[in-house]
Amino acid sequence: MSYKNVILHSGKVPKINSAQFYKSLANNLKSRMMTSSSSNVSRNEKNRQDNEKTFKNLLDNIEKLNPKNWPLSNDGQIENIQFGDHNIRNLCQQFQIDEKSTIQSFRIYKMDLGKKEIPEDLKPLYKSIATIPVSTSECERNFSSMNEIMSPLRTSLNIKTVAALLFINYVGPPLTKFEPEKYVRSWLLNGRHSADDTASRKRNQKCDKTYESLWRLL
């Protein structure tokens, strides 16, 4: 038995081939980013070529952050201090990060040959790159959560409320770690009523006594 030309073994699970695993992730990332439709197939050849070019440019830009790709002179120093600046500028524009401070930090990082800690102004770019997903599984899980939140009994929720509930559901703390006190204080400071507020108008609860005689028999 095999899956995508990989032999499946029964019994004890064999050790994962790390090179094959990361290659599979890279292929998955490539197939996702080079498409323009959810069916994983581009609508036309031009879109496919444009997406392929965008993906290749992204990889070329990211590769310039790797110290192993920096050209060095004979004395072991960076050959061109401006190497990769154009690529970093493209990444900053793509991820909407400040270009000037990022490029300056990148040059400092190159002067240290990447052996010291990443400068603070360069970290936002690294973090942005780390957010590039290799699959759509997390998005699909969020869609499932949205269907649970927007049930047939809660169809009047607005977009802002649904987005907030999705955020809490996905990255919020577990109930045992949740500390509601500051949220209760914020609620009360905004002029809202507390649960034991006696000044609030009591709700009139009407009781239909049509079946009162039947209730006595139950």
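In the predicted model, helix α3 (residues 85-95) passes helix α4 (residues 99-111) in a right-handed crossing, a crossing being left-handed if the near helix is turned anticlockwise from the far one by less than a right angle, and right-handed if clockwise. The axes of α3 and α4, which are lines fitted to C-alpha atoms over the stretch in contact, with angles running from 0 to 180 degrees between N-to-C directions, come within 10 Å and cross at roughly 140°. That angle makes α3 oblique to α4, where under 35 degrees counts as roughly parallel, over 145 as roughly antiparallel, 65 to 115 as roughly perpendicular and the rest as oblique. On the α3 side, D85, I88, R89, C92 and Q93 meet E99, T102, I103, F106, R107 and K110 of α4, contact meaning heavy atoms within 4.5 Å. These residues divide into four nonpolar, two polar and five charged, with Ala, Val, Leu, Ile, Met, Phe, Trp, Tyr, Cys and Pro counted as nonpolar, Asp, Glu, Lys and Arg as charged, and the others, Gly among them, as polar.

When neighbours within four places in sequence are left aside, K110 is in contact with W70, I78, I81, Q82, F83 and D85.

Q96, in the loop between α3 and α4, has a phi near 60° although it is not a glycine, and at 74% relative accessibility Q96 counts as exposed. L113, placed in the loop between α4 and α5, likewise has a positive phi of about 60° without being a glycine, but L113 is buried, with a relative accessible area of 18%. Most residues other than glycine have a negative phi.

In helix α5 (residues 123-130), the buried residues are L125, S128 and I129. Viewed down the axis of α5, these buried residues fall within an arc of 100°, so they line one face of the helix, the arc being that of the directions from the helix axis to the C-beta atoms. The face of α5 turned away from the buried side carries the exposed residues K127 and A130.

A further helix pair is formed by α6 (residues 137-149) and α7 (residues 159-171), whose axes come within 10 Å and cross at roughly 120°. The two helices are therefore oblique to each other, and their crossing is right-handed. The contact is made by E138, R141, N142, S145, M146 and I149 of α6 together with V162, L165, L166, N169 and Y170 of α7, and its residues divide into six nonpolar, three polar and two charged.

Over the protein chain, nine helices and two strands are found, following the pattern β-β-α-α-α-α-α-α-α-α-α along the sequence; helices (H or I, at least four residues) and strands (E, at least two) are DSSP runs numbered from the N terminus. Buried residues make up 17% of the 218 residues, and among contacts between residues at least 6 apart in sequence, 44% join residues at least 24 apart.

Residues are numbered from 1 along each chain as its sequence is written, and side-chain values use heavy atoms, with hydrogens and water left out. Because the model is predicted, local features need pLDDT of at least 70 and side-chain atom pairs count only at pLDDT 80 or more, whereas totals for chains, interfaces and linings use all residues.

How values were computed: Buried means under 20% relative accessible area, exposed over 50%, partly exposed in between (1.4 Å probe, protein chains only).
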